[in-house]
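This report describes the fold, confidence and helix packing of a single chain. The structure is shown first, and the description follows.

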Amino acid sequence: MDRPRIRPTFAIPLGPEPDEAMKTLRERLEGSEHEECSRSKGRCADFFVKEEERRLWSPYLSVQVEPRQEGSLLRGRYGPHPELWTLFMFLYTVVGFLALMGVMLGFVQWQSGMEAWGFWGAYVGFPGLVVLYTVSATGQRLSAHQMEELKRRIDILVRGMEAAEGSDQSPRT
């Protein structure tokens, strides 16, 4: 991974139609060593790290198979487990709101000739956003090997189902 992204994604063009592709993926998962580390419903599947290897920063891979002109497209998105993702989004929202309100209140106070104590919200909020981003990037670095393992599982599951070269939509990484 070149640079940390909040939720890294990838796409794999597949030859079969979406429902057929998911049926094949489920059949290949059945009885495999990773069956207990995944779940699927409809055109979606989730893959995660084994419980004994899971850490706070361990990734969670969510894939969806969607239709396209010829065949289907498997889109994968890495992220922290849903509980942790919810916490991060809550913290981003609170700290971002604090920074924004601090700038607005401080500016109004300053323009009114008052003591601009509202800027303290910005002084706390903006570094807080940097800290949250740094924690996110550190978690991605610590879990890079687990992300590669989850991607390897997907590559094994879709082997032989990839769309032919020159298909209508190129993969995005």
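## Overall form

Of the 173 residues in the chain, 38% count as buried, where buried means under 20% relative accessible area, exposed over 50%, and partly exposed in between (1.4 Å probe, protein chains only). The model is predicted, so local features need pLDDT of at least 70 and side-chain atom pairs count only at pLDDT 80 or more, whereas totals for chains, interfaces and linings use all residues. Residues are numbered from 1 along each chain as its sequence is written, and side-chain values use heavy atoms, with hydrogens and water left out.

The radius of gyration of the chain is 21 Å, while a compact globule of 173 residues would have one near 16 Å; the radius is taken over C-alpha atoms, and the globule rule is 2.2 Å times the number of residues to the power 0.38. Along the principal axes, the C-alpha atoms fill a box of roughly 70 × 40 × 30 Å. The chain exposes about 10800 Å², of which carbon and sulfur atoms supply 59%.

## Confidence

The average pLDDT of the chain is 87, and 91% of the residues score at least 70; pLDDT is the predictor's confidence in each residue, from 0 to 100. Over residues 167–173 the pLDDT is below 50, although this stretch has 18 contacts in the model beyond near neighbours in sequence; a contact means heavy atoms within 4.5 Å. Where pLDDT is low, the predicted coordinates should not be read in detail. Confidence is lowest in E2, with a mean of 86, and highest in H2, with 94.

The chain has four helices and five strands, defined as DSSP runs numbered from the N terminus (helices: H or I, at least four residues; strands: E, at least two). Their order from the N terminus is β-α-β-β-β-β-α-α-α. Among contacts between residues at least 6 apart in sequence, 62% join residues at least 24 apart.

Strand E2 (residues 38–41) pairs with strand E3 (residues 44–48) in the antiparallel sense over four bridges; two strands pair if DSSP finds at least two bridges between them. Arg39 has Asp46 in E3 as its bridge partner. The two strands E2 and E3 form a hairpin with two residues between them, and Gly42 in the turn has a positive phi of about 60 degrees.

Helix H2 has 30 residues and reaches 43 Å from its first C-alpha to its last, close to the 44 Å expected at 1.5 Å a residue; the expected span is 1.5 Å times one less than the number of residues. Its buried residues include Leu84, Phe88, Tyr92, Val95 and Ala99. Strand E5 (72–80) and H3 are among the elements that cover the buried residues of H2. Just after H2, Gly113 takes a positive phi of about 80 degrees.

Helix H3 (residues 119–142) has 24 residues that should span 34 Å, and its end C-alpha atoms are 35 Å apart, which agrees. Among its buried residues are Gly121, Gly125, Gly128, Leu132 and Ser136. The buried residues of H3 pack against helix H2 (82–111) and helix H4 (144–158).

## Phe126

Phe126 lies in helix H3 and is partly exposed, with a relative accessible area of 44%. Not counting residues up to four places away in sequence, Phe126 touches Ala99 and Val103.

How values were computed: Areas by Shrake-Rupley, 256 points an atom, 1.4 Å probe, with all protein chains shown as cover.
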